[in-house]
Amino acid sequence: MKIALIGYGKMGKMIEQIALGRGHQIVSIIDIDNQQDFDSEAFASADVAIEFTNPTAAYGNYLMAFAHNVKVVSGSTGWMKDHGDDVRKMCAEGGQTLFWASNFSIGVAIFSAVNRYLAKIMNGFPQYSVTMEETHHVHKLDAPSGTAITLAEEIIDNIDRKDSWVKGTLTAPDGHIEGSADCADNELRIDSVRRGEVPGIHTIAYDSEADCITITHDAHSRKGFALGAVLAAEYTAQHSGLLTISDMFKF
């Protein structure tokens, strides 16, 4: 399979390594300093482009890829609120293909399935309050993480007493705390921590007077995310439309 990479940071380089190891060909690498290569024959020859950039660049990158009818796999977050409807329309009516996920880790996909199942159970036990905490490296710009938001939305879909999520506290790398731990009963609070080079930890806690039930996913490295992105590219090459992790993994 011919793959184009959009974004060549730590994730892009790891995706390249795994893709080559699985027998794929990298035909184009586009980063901030060579945007003109979107119009190259090499990029247009790609079966799939894998995009890991940032919220401000992602949507424009999709448009450039779609202009050459190149399918896209993307892990960039933060663009959905402003551009989600446009992207859905391009995929549903315009013949384009985007596989999007806030997290491509196979472990997170399993954790997400456990999260949904546990939330369904906890819908019947209102004595348990639910909160979430996500921890990431100091370079991460957005808070809460896209994965935390996705997990929170899954909880909201399954627990009647929660209908929205809110930002809670943010513990900065220097230890100072911003935000508030206060929230309404119908809100799910997501606290964020930024420290060191942590790839990603997501913890969901159900607390009551009697006990506390906690589930956690702790990523040891970015390798799991990169492998999942390449698996998604392999899947996307054979499918079309707006695709998600739930299409690839039938949990």
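A pocket, as the word is used in these legends, is an open set of grid points at which a 1.4 Å probe fits, with protein on both sides within 12 Å along at least five of seven lines, and its lining residues are those with an atom within 4 Å of a point. The model shown in every view is predicted.

View 1. The protein chain is divided into domain 1, which comprises residues 2-104 + 223-248, and domain 2, which comprises residues 106-218. The C-alpha centres of domain 1 and domain 2 lie 27 Å apart, and the contact takes ten residues from domain 1 and nine residues from domain 2.

View 2. The volume of the largest pocket is about 1100 Å³. Its lining consists of 37 residues, of which Met11, Phe52, Thr53, Asn54 and Lys140 lie nearest the centre of the pocket. Helix H1 (10-21), helix H3 (55-67) and helix H6 (146-158) each supply at least two residues of this lining, and at least three lining residues are drawn from each of domain 1 and domain 2. Sorted by class, the lining of the largest pocket has 20 polar, twelve nonpolar and five charged residues.

**View 3. The second largest pocket, with helix H6 in its lining.** The second largest pocket, with a volume of about 890 Å³, is lined by 33 residues, and Trp100, Ser102, Gly146, Thr150 and Glu153 are those that lie nearest its centre. Two or more lining residues come from each of helix H4 (80-92), helix H5 (106-122), H6, strand E7 (164-171) and helix H8 (245-248), with the largest share, eight residues, coming from H6. By class, this lining has 15 nonpolar, ten polar and eight charged residues, and the lining of the second largest pocket draws at least three residues from each of domain 1 and domain 2.

**View 4. An open sheet of six strands with mixed pairing.** The strands of this sheet follow the order E8-E7-E9-E6-E10-E11, and their pairing is mixed. Strand E8 (177-179) and strand E11 (212-218) are the edge strands, each of which pairs on one side only. Direction ignored, neighbouring strands of the sheet are turned by 20° against each other on average. H5 lies across strand E10 (201-207) and E11, and runs at about 165° to E11.

View 5. Strands of a sheet pair through backbone hydrogen bonds, in either a parallel or an antiparallel manner. E7 and E8 run antiparallel and are joined by three bridges, with Thr171 standing opposite Ile177 in E8. E7 and E8 form a hairpin with five residues between them, and in the turn Gly175 has a positive phi of about 95°. E7 and strand E9 (residues 187-194), in contrast, run parallel and are joined by six bridges, and here Val166 stands opposite Arg189 in E9.

Conventions: Residues numbered from 1 in each chain as written. Predicted model: local features only at pLDDT ≥ 70, side-chain atom pairs only at ≥ 80, totals over all residues. Heavy atoms only, no water. 1 Å grid on protein atoms, 1.4 Å probe; cavity = no way out; pocket = protein on both sides within 12 Å on 5 of 7 lines; lining within 4 Å. Points joined across faces, edges and corners; volume = space filled by probe spheres on them. Helix = DSSP H or I, 4+ residues; strand = E, 2+ residues; numbered from the N terminus. Nonpolar A, V, L, I, M, F, W, Y, C, P; charged D, E, K, R; others polar. Domains from an automatic or database assignment. Pairing = 2+ DSSP bridges. Axes fitted to C-alpha atoms, helices over the stretch in contact; angles between N-to-C directions. Contact = heavy atoms within 4.5 Å.
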